[in-house]
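Me: I have a structure to go through. Can you take my questions as they come?

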Amino acid sequence: MMSKKYIAIAVLFILTIFVSAFIFESFIQKDEVIRREAMAENLIFQTMYNHGDYADMYEKGTPDFQKITDENDFISLMKKKKYILGNFVRFDLISSNVINSNVVITTYRSIYEHYSLIEEFKLIRKNDKEKLRLGTYFMDDGGKRGEVIKL
C-alpha cells in the first residue's frame, strides 16, 4: 500500500517536471522571437538614421513617444547626433530584457564613424499582432553606462 503511494507521488512529480519544462521552454522561445524582432527593428532604425530619414524614425515611435517628444526636437537631435557621431557602422548587443511579450529593452555598444558609445532602445507594442515601436531611446553620451570612445 505504501509503495503505491510513493509510486503515485513519483509519477506526479515527474509529470510536474515535464509540464514545467515545456511551459518554461515555450516562454524562452517566445522571448527569443521578440528579441530578434526588436533587434531587427533597431537595425531598421539605424539604417533610417544613416539615410537621414528622421521624420520616418519619429513616425516609428509609439503615440506616447510622440506625445512626450516634439517631432522638430527629435529631428534636430538626430541631425546633431549625425554631425557629431557620423554614420552608424554597427552595434554589439550587451543585453536584452523582455519585460513581457510586448516590451523589450535592448542595450548596445554602438559604433559610429567618430565615436563608440552605449545606446538603449525600449520597444513596445499593445499586443502581439502589432509591430514593435520605439517607446524610448537613450544615448549614453555622458559615459555613465559605458565608456564613450573617440575613434
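Me: Which residues line the largest cavity?
Reply: Glu-41, Asn-42, Phe-45, Lys-60, Leu-123, Leu-132, Arg-133 and Leu-134 line the largest cavity. A cavity here is a set of points, on a 1 Å grid over the protein atoms alone, where a 1.4 Å probe fits but cannot get out; lining residues have an atom within 4 Å of a point. This is a predicted model, where local features need pLDDT of at least 70 and side-chain atom pairs count only at pLDDT 80 or more, while totals for chains, interfaces and linings use all residues. Residues are numbered from 1 along each chain as its sequence is written, and side-chain values use heavy atoms, with hydrogens and water left out.

Me: Which elements give two or more residues to that lining?
Reply: Those are α1 (2-51) and β4 (133-140). The largest share, three residues, comes from α1. Helices (H or I, at least four residues) and strands (E, at least two) are DSSP runs, numbered from the N terminus.

Me: How much space lies in the largest cavity?
Reply: About 60 Å³, where a volume is the space filled by probe spheres set on the grid points, which are joined across faces, edges and corners. A search of the whole structure finds one cavity of 30 Å³ or more.

Me: And the largest pocket, what lines that?
Reply: Its lining is Leu-77, Lys-80, Lys-81, Ile-84, Leu-85, Tyr-115, Leu-117, Tyr-137, Met-139, Asp-141 and Val-148. About 210 Å³ of space lies in this pocket. A pocket is an open set of points with protein on both sides within 12 Å along at least five of seven lines.

Me: Which element gives the most to it?
Reply: α4, with five residues. The elements that give two or more are α4, β3 and β4.

Me: Stay on α4. How many residues does it have?
Reply: α4 has 15 residues, 71-85, and reaches 21 Å from its first C-alpha to its last. That is close to the 21 Å expected at 1.5 Å a residue; the expected span is 1.5 Å times one less than the number of residues.

Me: Which of its residues are buried?
Reply: Phe-74, Ile-75, Met-78, Lys-81 and Leu-85 are buried. Seen down the axis of α4, they fall within an arc of 120°, so they line one face of the helix. The arc is that of the directions from the helix axis to the C-beta atoms. Buried means under 20% relative accessible area, exposed over 50%, partly exposed in between (1.4 Å probe, protein chains only).

Me: Why would residues three or four places apart point the same way?
Reply: An α-helix has 3.6 residues a turn, so residues at that spacing point the same way.

Me: What is exposed on the other side of α4?
Reply: Asn-72, Asp-73, Lys-79, Lys-80 and Tyr-83.

Me: What caps the N-terminal end of α4?
Reply: Asp-70 does, with a side-chain oxygen 3.0 Å from the backbone nitrogen of Asn-72. Just after α4, Gly-86 takes a positive phi of about 85°.

Me: New topic: Ser-116. Buried or exposed?
Reply: Ser-116 is buried, at a relative accessible area of 4%. Its place is in strand β3 (residues 115-124).

Me: Which side chain does its own side chain make a polar contact with?
Reply: That of Arg-109, at 3.1 Å. A polar contact is a pair of N or O atoms within 3.5 Å; within protein, one must be able to donate a hydrogen and the other to accept it, and residues adjacent in sequence count only if both atoms are side-chain atoms. The backbone oxygen of Ser-110 also lies 3.5 Å from a polar atom of the Ser-116 side chain.

Me: Last one, Gly-142. Where does it lie?
Reply: Gly-142 lies in the loop between β4 and β5 (149-150). Gly-142 is exposed, with a relative accessible area of 56%.
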